[in-house]
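Hi everyone, thanks for coming. Please have a look at the sequence and the model on the screen, and then I'll walk you through them.

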Amino acid sequence: MVDAVASQLADPDTAPLGPRTASSHRQHLAYGPPGIALLHIERAATGLGPWQRAHDWLAAVSRQPFTSGPDSHPFYGAPAFAHALACAADHLPGAYQRALNTMDRQVAVDAGHRLDAAHLRIDGGRLPELAEFDAIRGLTGYGAYLLRRDPGSPSMRAVLDYCVRLTEPITRHGETLPGWWTETGPSGSPDDDRFPGGHANSGMAHGIGGVLALLARAAPNGTVADGHHAALRTILAWLDRWQEETGRGPAWPYWITRSELRTGRLAPSAPRRPSWCYGTAGLARAQQLAALALGDTGRQIDAENALVAALTDPDQLKATTDNGLCHGFAGLAHVAARTADDAHPSTVGQLRAAIPALLAAVHPPGTDPELTATALIQDEEQGPGLLDGAAGTALAILAPSTAAPPRTAWDTCLLIA
C-alpha cells in the first residue's frame with residue numbers, strides 16, 4: 001500500500017492533489033506538498049524509491065517564495081519546508097546546503113522574536129495562547145527543529161529556558177494555575193460555553209505533552225537548561241494528578257477545564273481515542289521519554305504498559321475512526337513502534353505484538369493496495385497530506401511494517417523521535 005500511495009503521488013505536476021493542497025496549503029507541512037515530500041525522502045533513504053521524486057516535490061514547493069516571520073510557524077512556511085529539506089540533506093551530503101543554511105538562520109530569528117514576546121507575556125503575569133508554545137504553531141515546534149539541527153546553539157538553549165519557565169505556576173485572581181493554562185478553548189479561540197475560564201491542554205500537538213517530550217528528548221544529548229529536570233517532574237506530577245483508570249489501564253484526559261481544576265475531579269466522559277495528537281498514545285510516549293531522561297525505570301515501564309493497554313482496549317480502539325497519522329490507526333502503529341524501539345525488555349514484546357492488528361485496520365489483508373491508495377488520496381476530508389492524509393498514513397506504517405526505525409528524521413516534528 002505504501003508503494004501504491006508513493007506511485008500515485010510520484011509527480012507533483014500530475015498527482016491528484018485537489019485545489020486545497022495545490023494552492024492555500026502549498027506551504028503547509030500537515031496538508032501540502034512538504035509533507036508529501038517527506039514520504040518520498042524516507043523511501044529514497046531506505047532504498048525503496050528514487051531520490052528524483054523527492055527532489056521533484058521539494059522543487060515544486062520552492063517555486064514560489066516562502067512565508068517567514070510572524071505569519072509562519074513550524075508547520076507552515078519556511079520552517080515547514082526547512083524540516084523537509086533537512087530530512088533530505090541528511091542523506092545527500094552537500095545537497096540543498098545553501099538554502100538550508102538560509103532557512104536555519106531565519107528559523108532562529110523567528111524563534112527569537114517569539115521568545116521575546118513570550119517572556120514579556122510571562123513578566124506581565126498574563127496567560128499564554130496555545131500558539132505560543134505548542135508543537136504545531138509554537139515554540140515547542142521550533143525547539144524540535146533546533147534540537148535536530150543545532151542542539152548546542154543559543155537558540156536551542158533559549159527555547160529550553162522558556163519551556164522551564166512555562167511550567168512555573170501563575171496566580172490569577174487569587175487562583176493558582178499551571179503556567180500553560182490558556183483562557184481559550186482547544187481551538188485557540190474563546191469558548192465560554194464549553195470552556196469557561198479556559199483550560200490546560202494535555203496533548204502532544206497543542207498542549208503540555210509536547211513540551212514534556214521536547215524537554216525529554218533534549219536531556220540525553222546534554223542540552224539542558226537550569227531547572228530542566230525539575231520542569232520534567234512538574235509536568236509528570238500534573239499528569240499523575242489527572243491520571244484516570246479505564247478498567248484496562250491508565251489514561252489521560254485531553255484537557256482539564258476550570259471546573260475540573262476547582263473540584264479536583266474529572267467530568268464523566270466516554271472512552272476517547274488514544275491518538276498521537278491527544279490522548280494516551282502520545283502522552284505515554286512522552287512519559288516514556290521523560291522517564292528515560294530521568295533514569296526512572298519504574299515510570300518507564302508504567303508508561304509502556306499504559307500504551308499496551310490503550311492499544312488493546314476495545315473501547316478506546318472503537319473510538320478510533322480513521323487511519324491517519326494524527327489520530328488514526330497508522331499513527332497508533334507508528335507510536336507503538338517508536339515506543340518499542342526504546343522499551344524495557346519486560347514490555348517490548350507486548351508493544352510489538354499490538355502492531356499487526358493496527359496495521360490490519362489500516363490495510364486489511366486481501367485488500368487491493370491500489371484501491372486503498374486511491375481511496376486515501378481522493379478522500380475529500382483527508383486528502384494526500386501528512387497529518388490526516390495518504391502520505392502520512394503511508395509514512396506511519398512504513399517503519400512498523402518493516403520492524404526497522406525510519407532512516408530519516410521525518411517524525412521529529414511530532415516529538416516522538
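I'll go from the overall shape to the core, then to one helix, and finish with the cysteines.

A quick word on the ground rules: this is a predicted model, where local features need pLDDT of at least 70 and side-chain atom pairs count only at pLDDT 80 or more, while totals for chains, interfaces and linings use all residues. Residues are numbered from 1 along each chain as its sequence is written, and side-chain values use heavy atoms, leaving out hydrogens and water.

Let's start with the whole chain. The protein chain has 19 helices and 6 strands; here helices (H or I, at least four residues) and strands (E, at least two) are DSSP runs, numbered from the N terminus. Its radius of gyration is 20 Å, close to the 22 Å that the globule rule gives for 417 residues, so the chain is as compact as a globular protein of that length. That radius is taken over C-alpha atoms, and the rule is 2.2 Å times the number of residues to the power 0.38.

Now, the inside. Of the 417 residues, 58% are buried, where buried means under 20% relative accessible area, exposed over 50% and partly exposed in between, with a 1.4 Å probe and protein chains only. The largest nonpolar core has 134 residues; such a core is a set of buried Ala, Val, Leu, Ile, Met, Phe, Trp, Tyr and Cys residues joined through side-chain atoms within 4.5 Å. Helix H5 gives the largest share of this core, 10 residues. Tyr 162 is among the residues with the most contacts inside the core. Beyond its neighbours within four places in sequence, Tyr 162 is in contact (heavy atoms within 4.5 Å) with residues including Leu 115, Ile 122 and Phe 133.

Next, helix H4, residues 51-61. Which of its residues are buried? They are Ala 54, Trp 57, Leu 58, Ala 60 and Val 61. These cover an arc of only 160° around the axis, which puts them on the same side of H4; the arc uses the directions from the helix axis to the C-beta atoms. They pack against helix H3 (33-45) and helix H5 (78-89).

Finally, the cysteines. How many disulfides does the structure hold? It holds 0, with a disulfide being a pair of cysteine sulfur atoms within 2.5 Å. For Cys 163, the nearest cysteine sulfur, that of Cys 413, is 17 Å away. The sulfur of Cys 277 is 3.5 Å from that of Cys 326, too far for a bond. Cys 163 is buried at 0% relative accessibility, and Cys 277 is buried at 6%.
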